Amino acid sequence: MNEEAALRTQLSRQLAHWRAAVVTIDDVDNFAAPEAWARVERYLNLALRKQLAGTMARLRLEVNGLGAQLASALSLEQLQLVRQRLLAFRQKYVAVETTLDFYGDAVNTRTNPKLASILRSLDLIAFRSMETVLRPLGKEVPPVLTYIDKGLGASILKAGVRLWDGGTISPVAAIKITRHNLYRPTSLIHETGHQVAHILGWTEEFAAALGHELAGHAPAEVIEAWMETASEVVADIYAFVHCGYGAVAALHDVVAADQGTVLRYLPGDPHPIPYIRVLLNVEYCRRMFGAGPWDALASAWQRVHPLANASAATRRFLELSVALLPRLAELSLIRRMRAFGGRAIVDLVDPAPMRPDALAQWSQQLGTALHTSPHWAITEPVRLLALSAYQMAITPERATEIAQNYEAWTQRLGSMVQAA
Amino acid sequence: MFETFAPQPGTVGPQFEEFFGKIWRKVKSIARTAVDLAKKGLGALAKLGLPIGLLLKKLSRLVRPLLNRVVRFALNRLPASLRPLATILGRRLGILNESISGEAGETRGEEEAPTTPEAETIAREFDASIASLLYARDETQSEAVLNEAAQETPAEAEANPLGELDAARERFVTQFSQLQNGENAEPVVQQFIPAILPLLRIGITVVGRQRIVNFLAGYLAKLIQSFVGPSAATMLSRALVDAGLRLITLEAEMEPPPRMAARAVAAALEDAVRRVANFGFEQFENLEQNLEDQRLLETVASEAFFEASISHFPSQLLDVQRLEDREMYLESPGQQEFWAYRPRPRYKKYTKVFQVALTRQSAAQIRSFGDQPLDAFLRARGVRLPATVKVHLYEAIPGTTLSRIALLEKRVPGLGSGGEEAWSKIHPLTVAAAQGLQLPAGLSRDTSEQYLESRNRIGIGQRFYYIEIAQSVGRGECVRHSQVNVTIDLRASQVRTGVFFSEADAQRIVATGPAVGAMAAARLAQGLLGATLHSIGTGPSRHVRLIREATGELEGEEFWQRIAGEAAKQAIRWLLEELAKALMRVLKAALIRHLNARFAEFSTATRHPACGVTMTFLFNHPGLRVLHAALAGRMPNMGDVRAAARALQFPSIQIAPGFVWR
C-alpha cells in the first residue's frame, strides 16, 4: 500500500470514529435527564435548546465537510490538509462537549422537584433584578439559569459571551449558587450585577471614574489597585442596592476567613482585599441608611482583624483606603453614569425599601401573608429575598423559622413559573 | 346518587377529567338547587309531593342523556391517545357500546370542550330540560320532558359541520393545487362553498341557498382565476413565504408551493363568503329571477373578496389603485403581512409579530375577557410595566378554540400547551385593545358582547392577541379579579353586596397601611361598584342575582320574560335603577367608615390562605316589597319607588377571606 492510500485509510477510520462521536452528543437529553429539562422554565428551555442545537448543527456540518474534503482529496498534500483539519475538529469536538456538559450539569441539578422549584424561583428573581435596570434603558434582559454546586462563592457564565467551542454565544446567564447559600442567596444579585455591568459597560466606566475622581486624594498605586477591582465592586453595589444590609452581612460571612486571607493582597485578584471590601459595603449602608446594625459588624470586623497583622505594604494600602471609603461610597452609589443613561444606580434601584425600618414595617403590616400570598412572591421576590437575608442577619436565633418562610415562598414562586 | 355517574379519579386522563369535571360540576350544582327548592316546597316537583330521593332520580334520568351526548361529542375532539380512556369511561357509565366506541373521527389536538355550536347546543338544551323538569305542571309533563331529553334526533347524531368544512377545505386545497393553467376553478369552488355556509347561521331556504351557492361559485371562481395553475401558484407561494409565512410555520408543516398557494386562496374564499353572509343572504333568496339582485350580489362578492384578499395575500399582489380608493374604510390596507392558516386549518395567525411598548396606563385601559383589565392580568403574573413585549395575533375560524391555539403554537414561548395556564393568556383583540397596544386598527375587530365574556365562547372571525413575556410566572394561584356582586333576595327582603378584592388588590391595600388603606379600598371599590350597579337596571346579569320567593334564582332573559307588559318592564327597570343609585350612595360611605374602624380585621383576612378578601354588605330592606309586588304584576307608583330607595338602611358588614357570594 502506498503512503497516500495508507494515510487515506487512517483518515477514513478516524473520520468514521468522530462522525459516530458526533451522533452520541447530538441530543441534549444525553447530557441531562429529560425530567430535569422538563423542570426548566419553558422560555429558558427553548432559548437553551435552540442555541445548543445550533452548536450541534455546526459540528455536524464540520464533520460532513471533512468527509467531503477527504473524498475529494487526490494528492498526499491534500490528505495532509484533511489531517490538519481533523486535528482541529477533535479540539472543536471537545470544546462542544464541554459546552454541552456544562449546561447538562447545570440542568441536571433540577432532578429533585423541590430543589428544581427553588431554582426556578431563583431564575426569576435574578431575571427581575436585571429587568429593573435594563428595561428602562431599553436593553434586552437575558434569561437566567441558576444551578447549585459546591464551594464558597457563587459565579456566573454571562449571557452573550463566546463559549468554549469558540462559536456558540452563551444564550443565558448561568449562575452557580452554592449549597450553603441556597437559603440566603443574595450573591445571586451580585452575579446578576456582573451581567448588567457587562451589558451596560458599567465596569469600564466605573474604573475610569475611580481613576479620575480619586486622583489627588490617594497615591496612584492605591487608585490603580481599586481600579483593578472595579468589576467586583460594581457587582457588590448591585447586590447592596437590591438587598441592603442582608447582602452585606452575607458577603461578610463568605469572606470571613482566617486572618491571613482577610488581610492579604493577591496580585491579579479582581476582588478587593476582604478587609476593605466588607468595610466599603458597610459604608454603603451608612451612606444610604445612617446608623444601624452594620456599625457593630464593622467594629467587630476591625477588632478581629487588626491592621497590625497585615504586611506593611498592605497595611498602608488599607489605611489609605479606609480614608477613601466615604468618597468611594459616593462614587459607587450617587455618581451619575453614562451606562445608566446619565443617572446614578440609586435612581434606577432605590435602596430605600431595603432600609431596616422599611423592611420591618413591611413585615409587620403584612405578617404571614408575605410568605403565604402568591401576590408578594410574584411581584416582590427581590424584596422578599432582601427581607429574608436581613432577618437572618439580625435575628440568627430565628434562622430555622426564617429559612422555612423563605422556602415556602420560593417553592410557591417556583411552582408558578411555567416549566417546559 | 349522582356520584354513581361521576368519572372515577385516575381512570381517565387528567385533561379528560378536567373536561368532564366542568359538566359534572354543573350537574351537581343544578341538583343542589333542585333539592333546595324541594326542601322549601317551592318547585313544581315538590308541589306534586315528590320526596327528595325521587326528585333526584328524575334528575338522574336527565343526566344520562346529557352524558351520552357529551361523551359522543367529546370522543371526536379528544386526542387519539385519550380516546380509548374516554371510551372506557363511556362504557363504565353505561352510555357507550362497542359500535359507538369504534366511530371515533379524525385526530384533533384538543382537551377542552370547544366553543363550537355542538357544545353550546348541548349545554343550552340541558339547561332548558332542567328548567322544564323543575317547573313541570304535573307528573305527565315531567315524564314528557324526560322522554324528550332521552331521545336524540338522527340529524344531530350525524351532523358534523366542522368536520365537513375541514374535509371540504382539504379537498379544495388538493383539487385547486392540481388545476392546470387556464383550467376553470368553478367546479372546485362550487364544492367548497356549501361546506362554509352551515357554520354561518344564515336563515335561508335550501332552494335559495343552492341558487346563491351556484351564483357565488361562478363569480368567485372568476376572481381567483389568476391564481390557477402551477406558475401562478409558484408566484403566490413565493410572495407568502417572503411576507413571513416561514417565520410562523414549523419546518415540518411547510407544504409544497401549489398547496401553500391553494390554502391561502381557500382562506380568502372562506373569509369572502363570511363577509357576504354578514351582508345578508336572505335578500338574495330569489336571485335567479332578479337581475338587479344579481348585480348587487356581484358587487358585494367582489368587495368581500377584495377585502378578504387584503387579509390573506401580501399587498404586492393586490390592485394598488383599488387599495388607495378604499383606504378610508378597509382594514390594514397595504400591509405586507397577512393572516395565514396555522398549522393547516385550525386558526389563523398574522405573519408579523409586533414589538409593543406597553405602559401601565394603556394596560389599565385595555379590557380582556370578562371585563378584566389587562394590567391586573399582567400584574398577577409579575409583569412590571412599562415594558416592551412581543404581541402575536390570531383569528378564529370555525372550530377554533383558544386551547387549540395555545396547544399548537409550540414555537411561541409561553404557549405550546393546551392547559389553562397557556390559553388563559390569550385576549380579545378589540378595536380598543388594538388602540391601547398601538397596533394598526385594521387588525382588530369588535365583536358581539357574548364573545367577550369568557374564553370558552368565541366567535368566528374574532381576533385575539397573545403577549409573549420572557421568564414569566404562569397562571397564578389566585386569578379571580376584583369585582362587586349583588344579590337581591326578595324572599328575605335583603340586598347582599359582596365587594371582592382580588389577592393582589387586597395585599396592596394592606401594604398601604391603615391610614391610607381604607381610602385605597374605597377608590378601588368605587369603580367596581359603578360597573355592577350600573348593570342592575338591566336585571339579572353575571354580577347581579335576583331571587324570587316562588321561583328561586332567575337568569337575565328569563327574568324579563316573566314580566308581562312593556309598562311593567319599564317600571321595574326604573325601580332597579333607583335601588342601584341608593346602593351606590350608601355603600361608599359604609365601606370607608368600616375599614377606618376595623382595618385590622381586613388585614387579618389577607393572611388567610384563601385568595382575596370579600366585604359583604347586608341590607335588610323592607322597601323591596315594592319590587316584589311589581314582579307580581301590581304596578307601584312613583312615590312608593322613591320611598323604597330612600328606605335603604345602613348595612351590616362582614369581612371574610376568599371569594364569597351568597
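Colleague: Which residue in β2(B) stands opposite B:Tyr341?

Modeller: This is a predicted model, and the pairing to consider is that of β1(B), residues 339-342, with β2(B), residues 347-350. These two strands of chain B run antiparallel and are joined over 4 bridges. Within that pairing, the residue that stands opposite B:Tyr341 is B:Lys348.

Colleague: Are the residues on the two faces of β1(B) buried or exposed?

Modeller: In a regular strand the side chains alternate between the two faces of the sheet. In β1(B), one side carries B:Trp339 and B:Tyr341, while the other carries B:Ala340 and B:Arg342. Both faces of this strand are covered, and all four of the residues named are buried.

Colleague: Turning to β7(B), how many of its residues are buried?

Modeller: From this strand, residues 483-489 of chain B, B:Gln483, B:Asn485, B:Thr487 and B:Asp489 point one way, whereas B:Val484, B:Val486 and B:Ile488 point the other way. Since both sets are buried, the strand is mostly covered, and the number of buried residues is 7 of 7.

Colleague: In β9(B), which residue is the bridge partner of B:Val486?

Modeller: β7(B) has two pairings to keep apart: 7 bridges join it to β8(B), residues 494-501, in the antiparallel sense, and 4 bridges join it to β9(B), residues 544-548, in the parallel sense. In β8(B), B:Phe500 is the bridge partner of B:Gln483. In β9(B), the bridge partner of B:Val486 is B:Val544.

Colleague: Which residue in the hairpin of β7(B) and β8(B) takes a positive phi?

Modeller: The two strands of this hairpin run antiparallel, and 4 residues lie between them. The residue with a positive phi, near 50 degrees, is B:Ser493.

Colleague: For chain B as a whole, what percentage of its residues is buried?

Modeller: Chain B has 27 helices and 12 strands, and residues 24 or more positions apart account for 74% of its contacts with a separation of 6 or more. Of the 662 residues in this chain, the buried share is 56%.

Colleague: Which element gives the largest share of the side of chain B that touches chain A?

Modeller: Chain B and chain A bury about 2,800 Å² between them, 52% of it on carbon and sulfur atoms, with 38 residues of chain B in contact with 33 residues of chain A. The count of salt bridges between the two chains is 0, whereas 5 residue pairs are found in polar contact across the interface. On the chain B side, α17, β4, α19, α21 and α25 each supply at least two residues, and the largest share, 6 residues, comes from α21(B).

Colleague: Does A:Pro267 count as buried or exposed?

Modeller: A:Pro267 lies in the loop between α11 and α12 of chain A, and its C-alpha atom is separated by 9.9 Å from that of A:Glu228, 39 residues apart along the chain. The cut-off for exposed is over 50% relative accessible area. With 66% relative accessibility, A:Pro267 therefore counts as exposed.

Notes:
Residues are numbered from 1 along each chain as its sequence is written. Chains are lettered from A and ligands numbered from 1 in the order in which they are written. This is a predicted model: local features need pLDDT of at least 70, side-chain atom pairs count only at pLDDT 80 or more; totals for chains, interfaces and linings use all residues. Side-chain values use heavy atoms; hydrogens and water are left out. Buried means under 20% relative accessible area, exposed over 50%, partly exposed in between (1.4 Å probe, protein chains only). Two strands pair if DSSP finds at least two bridges between them. Contact means heavy atoms within 4.5 Å. Buried area is the accessible area (1.4 Å probe) that two parts lose on being put together, summed over both. A salt bridge is a side-chain nitrogen of Lys or Arg within 4 Å of a carboxyl oxygen of Asp or Glu. A polar contact is a pair of N or O atoms within 3.5 Å; within protein, one must be able to donate a hydrogen and the other to accept it, and residues adjacent in sequence count only if both atoms are side-chain atoms.
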